[in-house]
Amino acid sequence: MKAVVAGASGGIGQPLSLLLKACPLLDELSLYDVVNTPGVTADLSHISSPAKISGYLPADDGIAKAFKDADVVVIPAGIPRKPGMTRDDLFKINAGIVQGLIKASAQYCPKAFILVISNPVNSTVPIAAETLKAEGVFDPKRLMGVTTLDVVRAETFVQSLTGERDPAKTVIPVIGGHSGETIVPLFSLAKPSVNIPADKLDALTNRVQFGGDEVVKAKDGAGSATLSMAYAGYRFTEKLIKAVKGEANIVEPSYVYLPGVPGGDAIAKETGCDYFSVPVTLGPSGVEKVENIVPNANEYEKKLLQAAYTGLKGNIEKGIEFVKNPPQK
Ligand SMILES: NC(=O)C1=CN([C@@H]2O[C@H](COP(=O)(O)OP(=O)(O)OC[C@H]3O[C@@H](n4cnc5c(N)ncnc54)[C@H](O)[C@@H]3O)[C@@H](O)[C@H]2O)C=CC1
Ligand SMILES: O=C([O-])CC(=O)C(=O)O
């Protein structure tokens, strides 16, 4: 099992690479970035775990060597937000970065599972899908936008109300997209159920939707969530690897191309969105099936969902357009 991290020298890339280097399920870890991979690789190579590590820069066809025959490609490459920016403001720069890395995946590891972290996820995943389509290697079951940080935040923020010692023991589906109002936590479907006082629900929901802004503000110009994102990115990658290796009943929300995955058509019809984050059952071929929990949302959540659909449709269209009608240079 070989994983490649693209953007490995960054704020997310370094701690994510650390967690992956320590993961006993991996045989090979390859680090790719446009800067600093020799240092990060040398440092991580001293860790006594099974995964063999190698690092590459663009020179000497580094991207080909980095991606060659990878089973899993994780992409946290691209610029992060500064205060006052939306995730959509990152589109201009990150769209092209993601497209380039997806082209490399198509060329050097066409069967890899691709996990997209780079923002705006609502648009970068459609960019990835359209690029893979154009390269003739698109398998929707193998492309996943990483929205796990929203789930992790929902679990964490609700803990003050549940009093559970381990926040991750409460499973909360968070669906929709990955930005502001497109993020919809479904606390009414928490397992075990949680009792949220009516006067606390708005604030809790808003904190999950805008948790990213909280970190951007606190970092005060030095970027956005990196450590919690590395944790979340690792959590999703580890679940995928376990599922690929045959472990059953692994479910985690992820942002996927609905018309291409089992169970997705009904959700696309209901939401009017072709890309949506929903609980995904992971298996040896990636997305085994998706679960339509939208009808189970309560009235409060259904209102949130209406706002999410509107925002998402625009973000998705923008990503598709970027590939179909590339901006003139
Ligand atoms: N999906 C999610 O929940 C989250 C997504 N993000 C997003 O993740 C991305 C990365 O964030 P940070 O790590 O904080 O940024 P960063 O700036 O610290 O790191 C980004 C890295 O990407 C590298 N890079 C740039 N162009 C590249 C290319 N063409 N090929 C390979 N590497 C390239 C840079 O050299 C840098 O090392 C941002 O777009 C951010 O918005 C951040 C938090 C959560
Ligand atoms: O807020 C940002 O820009 C980074 C991000 O996606 C998150 O923390 O959820």
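Me: Which element gives the largest share of the shell around ligand 1?

Reply: Helix 4 does, with four residues. Helices are DSSP runs of H or I with at least four residues, strands are DSSP runs of E with at least two, and both are numbered from the N terminus. This is a predicted model: local features need pLDDT of at least 70, side-chain atom pairs count only at pLDDT 80 or more, and totals for chains, interfaces and linings use all residues. Residues are numbered from 1 along each chain as its sequence is written, while chains are lettered from A and ligands numbered from 1 in the order in which they are written.

Me: Which residues of the shell come nearest to ligand 1?

Reply: G7, G10, G11, I12 and N119, out of 34 residues around ligand 1. A residue is near a molecule if its C-beta atom, placed from the backbone, lies within 6 Å of it. By class, the shell has 18 nonpolar, 14 polar and two charged residues. Nonpolar means Ala, Val, Leu, Ile, Met, Phe, Trp, Tyr, Cys and Pro; charged means Asp, Glu, Lys and Arg; the others, Gly among them, are polar.

Me: How do you know where ligand 1 lies relative to domain 1 and domain 2?

Reply: Domain 1 (2-145) and domain 2 (148-318) both give residues to its shell, so ligand 1 lies between them. The bounds come from an automatic or database domain assignment.

Me: What surrounds ligand 2?

Reply: P80, R81, R87, N119, L149, G212, V215, V216, S224 and A225. Helix 8 (residues 211-219) gives the largest share of this shell, three residues. By class, the shell has five nonpolar, three polar and two charged residues. Both domains contribute to the shell, so ligand 2 lies between them.

Me: What makes R81 buried or exposed?

Reply: Its count of neighbours. A residue is buried if 20 or more other C-beta atoms lie within 10 Å of its own, exposed if 12 or fewer, and partly exposed in between, with C-beta atoms placed from the backbone. R81 has 20 C-beta neighbours inside 10 Å, so R81 counts as buried. R81 sits in the loop between strand 4 and helix 4. Beyond four places in sequence, R81 touches R87, L90, V216 and S224. Touching means that two C-beta atoms, placed from the backbone, lie within 7 Å.

Me: What does UniProt list for "binding site"?

Reply: The unreviewed entry lists R81, R87, N119 and R153. UniProt positions follow the numbering used here, feature names are shortened, and annotations may be inferred rather than shown by experiment.

Me: Why does R153 count as buried?

Reply: R153 has 26 C-beta neighbours inside 10 Å, so R153 counts as buried. R153 lies in helix 6 (residues 148-162). Leaving out residues up to four places away in sequence, R153 touches V208 and G211.

Me: Is G180 buried, exposed or partly exposed, and what makes it that?

Reply: G180 has 18 other C-beta atoms within 10 Å, so G180 is partly exposed. G180 lies in the loop between strand 7 (174-176) and strand 8 (183-185). Beyond four places in sequence, G180 touches Q209 and F210.

Me: What span should helix 9 have?

Reply: Helix 9 (residues 227-244) should span 26 Å; its end C-alpha atoms are 25 Å apart, which agrees. Its buried residues include M229, Y234 and F236. Helix 1, strand 4 and helix 6 are among the elements that cover the buried residues of helix 9. G246 follows helix 9, and its phi is positive, near 110°.

Me: How many residues does the contact take from domain 1 and from domain 2, and how far apart are the C-alpha centres?

Reply: The C-alpha centres of domain 1 and domain 2 lie 22 Å apart. The contact takes 34 residues from domain 1 and 38 residues from domain 2. Helix 5 gives the most to the side of domain 1 that touches domain 2, with six residues. That side divides into 24 nonpolar, four polar and six charged residues.

How values were computed: The expected span of a helix is 1.5 Å times one less than its number of residues.
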